[in-house]
Amino acid sequence: MLKDEKDVHFSFGNIQKDGIRQATHGMQSSKFCLNIAGDTPSSNRLFDAIASHCVPVIISDEIELPYEDVIDYSQFCVFVRTSDALKQNFLLDFIRGITREEWTRMWRKLKEVENVFEYRYPSKEGDAVQMIWQAIARKVPALKLKVHRAWRYYRTPEVEDGERNFAPIPKTFW
């Protein structure tokens with residue numbers, strides 16, 4: 001739907017024949033970069049857009065974003081429902097309706113948060129490695145609670161061979 005638009009840049013290719021360089025140049029010279037749901041649960045498109053200082057346009061209804069419990073992506077990303085993106089002219093009209101001031105605000109915020117997506121060795125405060133460990137630390141108490149609650153009603157009083165038997169965790173546990 002967008003490939004023949006005059007102010008839309010598409011870069012096709014692969015890791016051979018200079019495809020990565022072309023895609024990188026295209027993202028670095030763009031104001032907005034599409035982040036379309038793919039056929040795998042993970043993709044580099046969002047990270048590539050952020051590293052290129054290109055405001056991500058996320059077209060996905062169910063995307064899970066890293067560190068979303070502490071980062072407000074709406075400050076530096078544009079979200080579009082898949083059903084809306086498929087409507088003729090909707091996406092371009094929507095993006096073209098974003099003012100220069102609004103884009104500049106999102107771009108500045110993008111530059112503020114880009115360090116949390118960078119992997120460094122050795123790790124530094126606020127980089128991706130630290131953010132991942134913090135996200136894990138935030139999830140551990142909830143997981144422990146879920147495990148303890150699951151075992152609450154699934155203990156059996158019977159003892160065989162001197163050991164207490166436990167019923168299996170229900171299939172709906174996770």
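Colleague: Why is Glu112 called exposed?

Modeller: The model is a predicted one, and the values are computed from it. Glu112 has a relative accessible area of 54%. A residue is called exposed over 50%, so Glu112 is exposed.

Colleague: What makes Glu112 and Lys109 a salt bridge?

Modeller: The N to O distance between their side chains is 3.5 Å. The limit is 4 Å between a side-chain nitrogen of Lys or Arg and a carboxyl oxygen of Asp or Glu, so the pair qualifies. Both residues lie in helix α5, three residues apart, which is about one turn of the helix. Lys109 is partly exposed, at a relative accessible area of 27%.

Colleague: How many salt bridges are there by this rule?

Modeller: There are four. One of them joins Asp84 to Lys87, with the closest N and O atoms 3.0 Å apart. Through shared partners, Arg81, Asp84 and Lys87 form one network.

Colleague: Why is Asp84 called buried?

Modeller: Asp84 has a relative accessible area of 13%. Buried means under 20%, so Asp84 is buried. Lys87, at 46%, counts as partly exposed.

Colleague: Which parts of the chain does the salt bridge of Asp69 and Arg138 link?

Modeller: The closest N and O atoms of Asp69 and Arg138 are 2.6 Å apart. The pair links distant parts of the chain, since Asp69 is in the loop between β2 and β3, Arg138 is in helix α6, and 69 residues separate them. Asp69 counts as exposed at 53% relative accessibility, whereas Arg138 counts as partly exposed at 31%.

Colleague: How do you know that Cys33 and Cys54 form a disulfide?

Modeller: Their sulfur atoms are 2.0 Å apart. A disulfide requires cysteine sulfur atoms within 2.5 Å, so the pair meets the criterion. The structure holds one disulfide. With 110° about the S-S bond, this link is right-handed.

Colleague: What does the pair of Cys33 and Cys54 tie together?

Modeller: Cys33 lies in strand β1 and Cys54 in the loop between α2 and β2, so the pair ties together parts that are 21 residues apart in sequence. Cys33 counts as buried at 7% relative accessibility, and Cys54 counts as buried at 0%.

Colleague: Which residues touch the most other members of the largest nonpolar core?

Modeller: They are Leu46, Tyr67, Ile71, Tyr73, Phe76 and Phe117, in a core of 15 residues. The elements that give two or more residues to this core are α2, α5 and α6. Apart from it lies another core, of 12 residues, including Phe32 and Val78.

Colleague: What makes Trp133 exposed?

Modeller: Trp133 has a relative accessibility of 57%. The threshold for exposed is over 50%, so Trp133 counts as exposed. Trp133 is found in helix α6. Together with Tyr119, Ile132, Ile136 and Val140, Trp133 makes a nonpolar surface patch of about 510 Å².

Colleague: Why is Thr82 called partly exposed?

Modeller: Thr82 has a relative accessible area of 30%. Buried means under 20% and exposed means over 50%, so Thr82 falls in between and is partly exposed. Leaving aside neighbours within four places in sequence, Thr82 is in contact with Ile59, Ser60 and Asp61.

Definitions and conventions. Residues are numbered from 1 along each chain as its sequence is written. This is a predicted model: local features need pLDDT of at least 70, side-chain atom pairs count only at pLDDT 80 or more; totals for chains, interfaces and linings use all residues. Side-chain values use heavy atoms; hydrogens and water are left out. Patches are made of residues with over 30% relative accessible area and no salt bridge: like charges are joined within 9 Å, nonpolar side chains (Val, Leu, Ile, Met, Phe, Trp, Tyr) within 5 Å. Accessible areas come from the Shrake-Rupley method with a 1.4 Å probe; for residues, only the protein chains shown count as cover. Helices (H or I, at least four residues) and strands (E, at least two) are DSSP runs, numbered from the N terminus. Buried means under 20% relative accessible area, exposed over 50%, partly exposed in between (1.4 Å probe, protein chains only). A nonpolar core is a set of buried Ala, Val, Leu, Ile, Met, Phe, Trp, Tyr and Cys residues joined through side-chain atoms within 4.5 Å. Contact means heavy atoms within 4.5 Å.
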